Amino acid sequence: MRSRLSTESSAGEASAILLLENIHPVAAESFRAGGDFRVETTAGSPREDELVGMLGGVQVLGIRSKTRITDRVLEAAPQLIAVGCFCIGTDQVDIEAATRRGVAVFNAPFSNTRSVAELTIAEVVMLARRAAQRSMELHLGRWQKSAAGCMEVRRKTIGIVGYGHIGPQVGLLGEALGMKVVFHDIVRKLALGNARQVANLDELLELSDFVTMHVPDTVLTRGMMGREQLARMRPGSYLLNLSRGSVVDIVALCEALRNGHLAGAALDVFPEEPNSSRDPFQSDLCGLDNVILTPHIGGSTEEAQRNIGLEVSGALLDYVQTGSSTGCANLPEVQMPEIADSLRVLNIHKDVPGVLSRVNGLVAGMGVNIKAQSYHTREGIGYLIMDAERTLSRAIAGEIAALESNIRTRILNG
Ligand code: NAI
């Protein structure tokens with residue numbers, strides 16, 4: 001598969017990859033090792049005008065969270081087949097415009113899972129020992145050596161809300177410290193280790209010494225830890241939120257901390273977060289006893305950055321060289337093992353009735369056998385990977401592209 005390159009680059013010319021914003025060097029290394037690519041890297045995030053001028057011939061563009069990929073940028077880059085967001089989200093990309101043009105968008109939503117789990121467990125211990133509080137006091141010259149309200153976490157119960165990617169990792173680390181693990185998820189989940197899924201959130205709140213949130217921001221999770229839920233938590237228990245700021249009602253949390261119902265809290269995410277390190281942070285939580293505040297750094301580690309570099313470059317390489325859209329943020333997910341001695345046709349199209357039979361008809365009309373096909377649709381877009389006999393003329397690309405349904409067609413050499 002390594003020799004496969006898009007026919008959309010000029011004959012004999014290596015595919016061009018442009019990586020902006022100081023993407024981890026492991027990404028450029030993977031591209032260079034993975035095929036015949038011209039890889040250019042730059043440190044900054046160009047403005048729209050500048051970016052438009054940089055995209056001539058670029059087939060794959062790598063960005064982090066600062067560079068905005070607008071409709072205008074995409075319009076100026078007809079050869080662009082994929083954008084790699086070397087970060088967690090894709091908010092900086094006009095996804096609708098990318099999809100309309102058949103530009104695949106990839107990101108790395110789960111590369112920092114372990115980093116978040118480690119900080120969560122570290123904070124569980126810090127809260128139980130009031131260690132952050134003691135550290136702050138000592139910075140102010142106050143020696144408060146005391147065992148009051150401090151405890152081991154061994155045999156305590158940690159309740160994990162949201163058992164997706166991060167939740168189970170937190171559970172395994174907690175178990176390694178001798179904690180009992182319960183979790184609540186809206187989906188039935190396979191429990192790792194000795195963890196146990198409980199019937200509902202209320203049961204978890206009543207059982208847990210530490211409640212830790214690992215849910216996404218959805219209509220169901222917004223404010224899900226409100227006054228009523230906090231009151232249901234055990235007296236002297238702790239709340240941790242390293243998921244999304246919208247999940248916890250901060251006013252109610254401050255009340256529960258001030259009146260002593262909760263013994264402490266750790267928050268890494270907030271309903272309103274400063275846009276940059278130049279902007280101030282303000283919250284009613286500031287100055288409360290035994291409250292650990294961190295500036296949304298749960299996933300921010302060197303290892304996570306490297307993982308992001310590897311994960312996104314790997315997905316982009318696969319997409320360019322095999323057409324696999326596994327993990328793609330906007331196109332239907334399709335992948336197919338390579339069939340020897342075949343020509344691979346990739347067609348992104350509008351999902352209207354009869355597309356497949358028309359494409360197949362064009363191939364049959366050339367007297368060529370189709371060896372395998374894989375196909376999926378998603379939100380009005382269809383994506384077809386087809387392996388046909390090698391005798392298929394490359395002119396097929398033009399014929400498919402002429403169909404009204406066509407968005408983008410590529411041919412890969414077998
Ligand atoms: P995930 O999508 O893998 O798992 C979320 C889990 O929550 C799923 O199992 C889902 O079924 C469950 N869930 C959804 N709604 C629920 C509800 N109402 N009640 C109970 N469970 C519910 O997400 P992942 O990767 O584990 O991340 C969890 C959170 O952590 C996300 O909000 C993510 O944005 C955040 N995050 C924070 C970071 C930081 O730097 N602090 C870094 C990485 C992720």
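This is a predicted model: local features need pLDDT of at least 70, side-chain atom pairs count only at pLDDT 80 or more; totals for chains, interfaces and linings use all residues.
Reader: What does the C-alpha trace span along its principal axes?

Author: About 80 × 45 × 35 Å.

Reader: And what share of the residues count as buried?

Author: 49% of the 414 residues.

Reader: Which side chain puts a polar atom 2.9 Å from a ligand oxygen?

Author: That is K189.

Reader: How much of the ligand's accessible area does the protein cover?

Author: The protein covers 86% of it. On its own, the ligand has 870 Å² of accessible area.

Reader: Back to contacts. Which backbones have polar atoms by the ligand?

Author: Two to note. A polar backbone atom of G164 is 3.4 Å from an oxygen atom of the ligand. For I186, a polar backbone atom sits 3.5 Å from a ligand nitrogen.

Reader: New topic. How many salt bridges does a search of the whole structure find?

Author: 15. Side chains of opposite charge can pair when their charged atoms come close.

Reader: Take E137. What does it form a salt bridge with?

Author: With R134. The closest N and O atoms are 2.9 Å apart.

Reader: Where do E137 and R134 sit in helix 6?

Author: They are three residues apart in helix 6, residues 131-139, so about one helical turn separates them.

Reader: Is E137 buried or exposed?

Author: E137 is buried, at 10% relative accessible area. R134 is partly exposed, at 24%.

Reader: Now E255. What is its salt-bridge partner?

Author: R227. The closest N and O atoms are 2.8 Å apart. E255 lies in helix 10 (residues 250-258) and R227 in helix 9 (residues 227-232), so the pair ties together parts that are 28 residues apart in sequence.

Reader: How accessible are E255 and R227?

Author: Both count as partly exposed. E255 has 36% relative accessibility. R227 has 47%.

Reader: What about R344? Which side chain does it meet in a salt bridge?

Author: D387, with an N to O distance of 2.7 Å. This pair links distant parts of the chain, 43 residues apart. R344 is in strand 13 (residues 342-350) and D387 is in strand 15 (residues 381-389).

Reader: Are R344 and D387 buried or exposed?

Author: Buried. R344 has a relative accessible area of 0%, and D387 also has 0%.

Reader: Which residues do salt bridges with shared partners join into one network?

Author: D71, E75, E96, R100 and R101.

Reader: Let's switch to strands. What covers strand 9, or is it open?

Author: Both faces of strand 9, residues 210-213, are covered. F210 and T212 are on one side, V211 and M213 on the other, and all are buried.

Reader: How does strand 6 run against strand 9, parallel or antiparallel?

Author: Parallel, with four bridges joining them. Strand 6 covers residues 157-161.

Reader: Two last residues. Where does N406 lie?

Author: In strand 16, residues 406-412. N406 is buried, at 17% relative accessible area, because the cut-off is under 20%. Its side chain makes a polar contact with the side chain of T409, at 2.6 Å.

Reader: And R232, which helix holds it?

Author: Helix 9. R232 is partly exposed, at 34% relative accessibility.

Reader: How far apart are R232 and H261?

Author: 29 residues in sequence. In space they are 9.9 Å apart, C-alpha to C-alpha.

Notes: Residues are numbered from 1 along each chain as its sequence is written. Side-chain values use heavy atoms; hydrogens and water are left out. A polar contact is a pair of N or O atoms within 3.5 Å; within protein, one must be able to donate a hydrogen and the other to accept it, and residues adjacent in sequence count only if both atoms are side-chain atoms. Accessible areas come from the Shrake-Rupley method with a 1.4 Å probe; for residues, only the protein chains shown count as cover. A salt bridge is a side-chain nitrogen of Lys or Arg within 4 Å of a carboxyl oxygen of Asp or Glu. Helices (H or I, at least four residues) and strands (E, at least two) are DSSP runs, numbered from the N terminus. Buried means under 20% relative accessible area, exposed over 50%, partly exposed in between (1.4 Å probe, protein chains only). Two strands pair if DSSP finds at least two bridges between them.
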